[in-house]
Amino acid sequence: MLVSDLNHFLDLPDDVPAPAGRLAQHFGNIVRAATAGDRVGDRWTSALPCRRRPAHRPCPGRIAIVRCDPPTPIQWRCSVCADEGVISNWEDSPYDLRRRRLTAVGTVNEVIIADEVAAALRELLLLDPDCERLVFSMRAYRNGGAVLHASNDDLEELIEFVAAEANHESNRRRQRRLDVAFDALNTAAQTRW
Ligand SMILES: [Zn+2]
């Protein structure tokens, strides 16, 4: 059981060793997923992949999460291997996506996307808080892929963010990932009912 204080992973220096940086990102993503939705006290399985590589292969598990009200630490556990832990001092951190106000929600579409598309969305840098909540509240879909819950307006907005970032991306490989994500979301937007 990994017991982590989120404060120790915030504002890491630029020259932090890669494993520590990856761990900080992993914990940050768990806190974002835990706080993106309105689920309090329920265990749910997010689309976040497990970080472990038993026998040099990625663990196929997803991160299951329980979030209660602060100061209770966020609990997380891989759905496949034994990796698990708690994260304290998550409230009011930069990763805390809890809503400050209630917003009206229209019809919500359920969009199934591939894991690679989900990963590309998590890496978007320009997201506003509403889109960040959409991306980090994605659930695991069966044995692969992620479920995105988005209203038509949300989906349009997310597509615009992906397009804007793809246009400004100088790294070819990353631009291709964003193009794939753009196509997947556009197809979903055109086939919704
Ligand atoms: Zn695992």
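## Surroundings of I113

Leaving aside residues up to four places away in sequence, I113 touches A118, G145, A146, L148 and A184. The model described here is predicted. I113 is found in strand β6, which covers residues 108-113. This residue is buried, because 22 other C-beta atoms lie within 10 Å and 20 or more are required for that class.

I113 and A188 are 75 residues apart in sequence, and their C-alpha atoms are 8.9 Å apart in space.

## Pairing of the strands

Strand β2 (residues 43-49) pairs with strand β3 (residues 62-66) in the antiparallel sense, over four bridges. Within this pairing, W44 has I65 in β3 as its bridge partner. Strand β3 also pairs with strand β4 (residues 74-78), again antiparallel and over four bridges. Here V66 has Q75 in β4 as its bridge partner.

Strand β4 runs antiparallel to β5, and four bridges join the two. R77 stands opposite E84 in β5, and a hairpin of five residues connects β4 to β5. Strand β5 pairs with β1 as well, in the parallel sense and over four bridges. In that pairing, S4 stands opposite I87 in β5.

## Helix α1 and its packing

Helix α1 covers residues 18-36. At 1.5 Å a residue, its 19 residues should span 27 Å; the C-alpha atoms at its ends are 26 Å apart, which agrees with that expectation.

Which residues of α1 are buried? They are F27, I30, V31, R32, A33, A34, T35 and A36. These buried residues pack against β1 (2-5), β2, β3, β4, β5 (84-88) and α3.

## The contact of α1 with α3

Two packed helices are described by the angle between their axes and the distance between the axes. For helix α1 and helix α3 (residues 129-136), the axes come within 8 Å and cross at roughly 100 degrees. That angle makes α1 roughly perpendicular to α3, because angles of 65 to 115 degrees are placed in this class.

The contact is formed by R32, A33 and A36 in α1, which meet E132, R133 and F136 in α3. By residue type, the contact of α1 with α3 has three nonpolar, no polar and three charged residues. R32, A33 and A36 also belong to the buried residues of α1.

## Backbone features in the loops

Most residues other than glycine have a negative phi, and most peptide bonds are trans. The peptide bond from P70 to P71 is cis, with omega near 10 degrees. P71 is found in the loop between β3 and β4.

Two residues other than glycine have a positive phi: N89, near 55 degrees, and R142, about 35 degrees. N89 is found in the loop between β5 and β6, while R142 lies in the loop between β7 (139-140) and β8 (146-151).

Are these residues buried or exposed? N89 counts as partly exposed because it has 17 C-beta neighbours inside 10 Å. R142 is exposed, because 7 other C-beta atoms lie within 10 Å and the exposed class holds residues with 12 or fewer.

Key
Residues are numbered from 1 along each chain as its sequence is written. This is a predicted model: local features need pLDDT of at least 70, side-chain atom pairs count only at pLDDT 80 or more; totals for chains, interfaces and linings use all residues. Two residues are in contact if their C-beta atoms, placed from the backbone, lie within 7 Å. Two strands pair if DSSP finds at least two bridges between them. Axes are lines fitted to C-alpha atoms, for helices over the stretch in contact, and angles run from 0 to 180 degrees between N-to-C directions. Angles under 35 degrees count as roughly parallel, over 145 as roughly antiparallel, 65 to 115 as roughly perpendicular and the rest as oblique. Ala, Val, Leu, Ile, Met, Phe, Trp, Tyr, Cys and Pro count as nonpolar, Asp, Glu, Lys and Arg as charged, and the others, Gly among them, as polar. The expected span of a helix is 1.5 Å times one less than its number of residues.
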